[in-house]
Amino acid sequence: MLMKNVLRTLNLSVAAVTACISVTSCTDNRLPQADTQDTTSSSVSEEVPVGGLEAATPTTVDNRPDIVVVVADDMRWDIMSGEGHPFVRTPSIDQFATEAALMENAFVPLAVCSPSRAAILTGREPHLASAPRIAWRNNSFLQTQRTFAEDLQAAGYTTAYIGKWHLGDGSEPKKGFDHWESFDWLGEMFDPVVHINGVPQQFTGYADDILSARADEFMQSQAESNKPVFLMVGLKAPHLQFEHPKRYDNEYADVEIPKPDSYDEDFSVSGKDQTIKNWLGISNFPCGLKCFKGKWDIYIKKHFRAILGLDDSVRTLRSAIAHRKKTDNTLFIYTSDNGYTLGEHGLTEKHMIYEEPIRVPFLIDFPGQQDRGYRFDGLVSTLDIAPTALDYAQVSIPDYMTGRSLRGLIDPEISEDDKRRDWRDELFMVYPKWQVGLRTDRYKYIESLKSAGHIELYDLQSDPNEMQTLHDDPAYVEVLSDMQQRLQSLTEDNQWSRRIKKPVEKMLVSSAIDSSLADQIAQTTSLGSIPDINTVDENGLSWREVERNENGFEIGNNIQENSTVLMALPIEGTHSWDPFVRVFIDTPYESSMYVGGKSLWDNFERRPLDFPNPPITDQRALMILRFDGAGTQAIKLEVEAPEGTIVLPLESDKALATAERSRMVGWLGEWNEEYMCSKKINEDHSAKAEVISW
Ligand SMILES: [Ca+2]
């Protein structure tokens with residue numbers, strides 16, 4: 001709940017944001033204090049311990065570089081005027097591209113927010129980072145994962161995170177960061193409440209203006225520090241609802257922006273899976289054109305206006321490093337957590353592994369190392385950010401990271417041939433339940449996880465827009481075979497397995513208890529072992545086994561007001577990888593979930609929930625559901641996990657590997673699990689998005 005009575009309104013209007021950058025009174029006194037201890041010598045590698053375990057020796061000048069990583073939200077690789085886009089304008093990003101190295105073929109491993117951000121922070125594939133799907137408000141990510149911020153912090157860096165987090169709730173500071181500014185969940189695009197080291201503050205203005213100004217202030221606060229700084233910024237633009245600063249209300253007003261050539265693509269001809277268009281078709285997706293009065297003109301121009309706001313933020317953030325006086329000793333990386341489909345293939349949104357969603361802008365700058373304006377066209381991943389940062393910080397790169405340092409790729413001392421020889425030639429890509437595949441320099445191969453047997457093969461050299469699958473073209477028989485074998489190998493190398501879903505067959509249901517005791521009992525119970533059905537505890541609580549009937553689980557029809565019933569579902573893990581188990585709950589009642597002594601979600605209703613990961617990595621978990629004053633309707637549950645990785649001990653069947661595929665597909669309908677768009681926006685910049693987004 002927002003503490004509105006203690007919010008301090010700073011009234012940072014759009015105009016005032018810029019002014020605040022150089023006004024000391026705007027500086028928040030909770031910024032970390034600079035380490036101004038006098039230092040004299042100037043040793044780098046010889047004085048700074050490598051390995052990420054010890055702080056830098058305070059008696060030496062620490063010449064390790066500052067590191068700034070800026071992650072946009074949903075910016076596609078080619079929405080840059082400097083790359084020849086005919087309509088969009090990105091002057092600051094273009095300028096940056098002339099100073100930096102541009103990775104022309106950069107990709108995310110999974111094209112939605114939470115998994116992609118988990119990959120950036122850990123240097124691991126999202127499923128290995130325990131975040132294969134949207135985290136919603138699941139805060140368990142950091143309970144099992146170590147981010148490169150922790151490695152840098154341990155190595156003596158001052159670390160800060162400012163902006164959208166989206167790996168659970170962002171309001172509380174997270175481990176690995178000395179300074180923390182984020183939102184309760186995703187935050188508002190206008191007049192956001194920013195939680196600064198856990199304390200909410202009300203701001204006025206456009207979120208990215210505020211975040212970039214806050215980042216600049218943070219860098220100012222470190223101006224006299226001798227410690228190197230790591231700053232990560234999560235900008236919010238151009239994510240739906242494509243909100244933009246008011247100053248750009250009239251941009252592109254007189255321009256006619258045509259639809260892309262593939263807007264009316266016929267999937268029956270091109271060979272794509274029609275189920276994708278049924279979901280993400282620009283005319284039928286809940287926040288495709290429907291969110292923009294049904295008009296292409298409004299949709300595309302709002303996106304491009306949001307890009308202008310993003311471009312301003314990049315300018316502010318580039319100038320921010322000057323306030324550290326380490327312009328020539330700062331590694332600066334700019335990318336996005338995923339791309340975006342803007343009408344291509346008749347689609348909107350991200351998710352799939354086509355170029356538009358999965359390919360992102362990627363600029364990397366370390367002055368004095370790379371040639372200005374250098375370009376590399378090999379396959380780069382956002383998985384590479386963490387190892388690259390650690391490499392520059394002279395911290396050893398953990399073995400578990402699957403990304404690779406980009407340092408050698410931008411080193412002009414290394415020949416292009418040598419760079420190529422040692423670099424990767426394929427990338428694994430997935431969107432759970434929909435697509436898995438790989439991309440090489442020339443080809444992309446896709447297997448549908450939705451429509452059994454549906455495959456696609458694109459020759460990106462002759463068909464860069466992926467307009468015609470060639471999987472059944474006799475000329476590509478060998479290519480197809482090679483790509484299929486490569487996918488098999490990558491799947492095994494990455495310890496990735498398909499996720500399957502099955503209904504829960506058996507639960508434990510408690511006797512009715514007084515609701516005033518329910519929270520405490522539920523939390524305590526969720527810490528323990530499987531409840532014994534033969535005993536009554538000191539609270540009068542007893543348990544019985546209940547089997548699912550055709551309607552689901554009946555939990556009793558005589559539960560009175562002020563009474564509560566608990567349900568218990570034990571789960572055991574069989575593998576240490578991909579421990580992310582999802583429990584879908586379909587209930588007509590308001591209810592709550594507890595695992596490991598914590599309440600994970602209060603008062604949910606008909607909502608899929610992410611089961612937390614830590615108990616599974618500990619090999620055992622007890623999930624408790626709470627229903628207050630339940631009536632006569634049944635409750636349905638379904639678990640989704642990687643094939644063969646969990647066991648439900650109450651049930652006679654073994655791991656999910658042996659379970660038949662879900663018989664209950666359909667009872668949640670085609671639940672749009674990632675997205676609920678409830679409100680159309682209008683062109684008024686002040687419209688508040690009520691979308692739950694990612
Ligand atoms: Ca995103």
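**View 1. Contacts of methionine 567.** In this predicted model, local features need pLDDT of at least 70, side-chain atom pairs count only at pLDDT 80 or more, and totals for chains, interfaces and linings use all residues. Apart from its neighbours within four places in sequence, methionine 567 is in contact with Met507, Leu508, Val509, Phe553, Ile555 and Leu625; two residues are in contact if their C-beta atoms, placed from the backbone, lie within 7 Å. Residues are numbered from 1 along each chain as its sequence is written. Met567 is also one of the residues, with Leu231, Ala389 and Met623, that touch the most other members of the largest nonpolar core, a set of 176 residues. Helix H9 supplies the largest share of this core, 10 residues. A nonpolar core is a set of buried Ala, Val, Leu, Ile, Met, Phe, Trp, Tyr and Cys residues joined through C-beta atoms within 7 Å. A residue is buried if 20 or more other C-beta atoms lie within 10 Å of its own, exposed if 12 or fewer, and partly exposed in between, with C-beta atoms placed from the backbone.

View 2. Strand E22 spans residues 563-573 and is mostly covered, eight of its 11 residues being buried. Helices (H or I, at least four residues) and strands (E, at least two) are DSSP runs, numbered from the N terminus; two strands pair if DSSP finds at least two bridges between them. Strand E19 (residues 506-510) runs antiparallel to E22 and is joined to it by two bridges, with valine 509 as the bridge partner of methionine 567. Strand E20 (residues 513-514) is likewise antiparallel to E22, through two bridges; here isoleucine 513 is partnered by threonine 564 of E22. Nine bridges link E22 to the antiparallel strand E27 (residues 620-628), and isoleucine 571 has alanine 621 of E27 as its bridge partner. Two bridges connect E22 to strand E29 (residues 646-647), again antiparallel, where glycine 573 is partnered by isoleucine 646.

View 3. Four strands form an open sheet in the order E14-E15-E16-E17, with antiparallel pairing. At the edges are strand E14 (426-431) and strand E17 (455-459), each of which pairs on one side only. From one strand to the next, the twist averages 15 degrees. Within the sheet, strand E15 (residues 435-440) and strand E16 (residues 443-448) run antiparallel and are joined by five bridges; glutamine 435 stands opposite serine 448 of E16. Helix H13 (residues 477-493) lies across E14, E15, E16 and E17 and runs at about 65 degrees to E16. Axes are lines fitted to C-alpha atoms, for helices over the stretch in contact, and angles run from 0 to 180 degrees between N-to-C directions.

**View 4. Packing of helix H2 against helix H9.** Helix H2 (residues 91-99) and helix H9 (residues 296-320) pack at an angle of about 45 degrees, and their axes are 7 Å apart. H2 is therefore oblique to H9; angles under 35 degrees count as roughly parallel, over 145 as roughly antiparallel, 65 to 115 as roughly perpendicular and the rest as oblique. Pro91, Ser92, Ile93 and Phe96 of H2 meet Asp311, Asp312, Val314, Arg315 and Arg318 of H9 in this contact. By class, the residues of the contact of H2 with H9 are four nonpolar, one polar and four charged. Ala, Val, Leu, Ile, Met, Phe, Trp, Tyr, Cys and Pro count as nonpolar, Asp, Glu, Lys and Arg as charged, and the others, Gly among them, as polar.

View 5. The peptide bond from alanine 237 to proline 238 is cis, with omega near 0 degrees. Proline 238 belongs to strand E7 (residues 229-238). A cis peptide bond also runs from leucine 240 to glutamine 241, with omega near 10 degrees. Glutamine 241 is located in the loop between E7 and helix H7 (267-270).

View 6. Most residues other than glycine have a negative phi. Tryptophan 185, in contrast, has a positive phi, near 65 degrees, and lies in the loop between strand E4 (179-182) and strand E5 (193-196). Tryptophan 185 has 17 other C-beta atoms within 10 Å and is therefore partly exposed. Glutamine 394, also not a glycine, has a positive phi of about 60 degrees. The loop that holds glutamine 394 lies between helix H11 (385-392) and helix H12 (416-421). With 18 other C-beta atoms within 10 Å, glutamine 394 is partly exposed.
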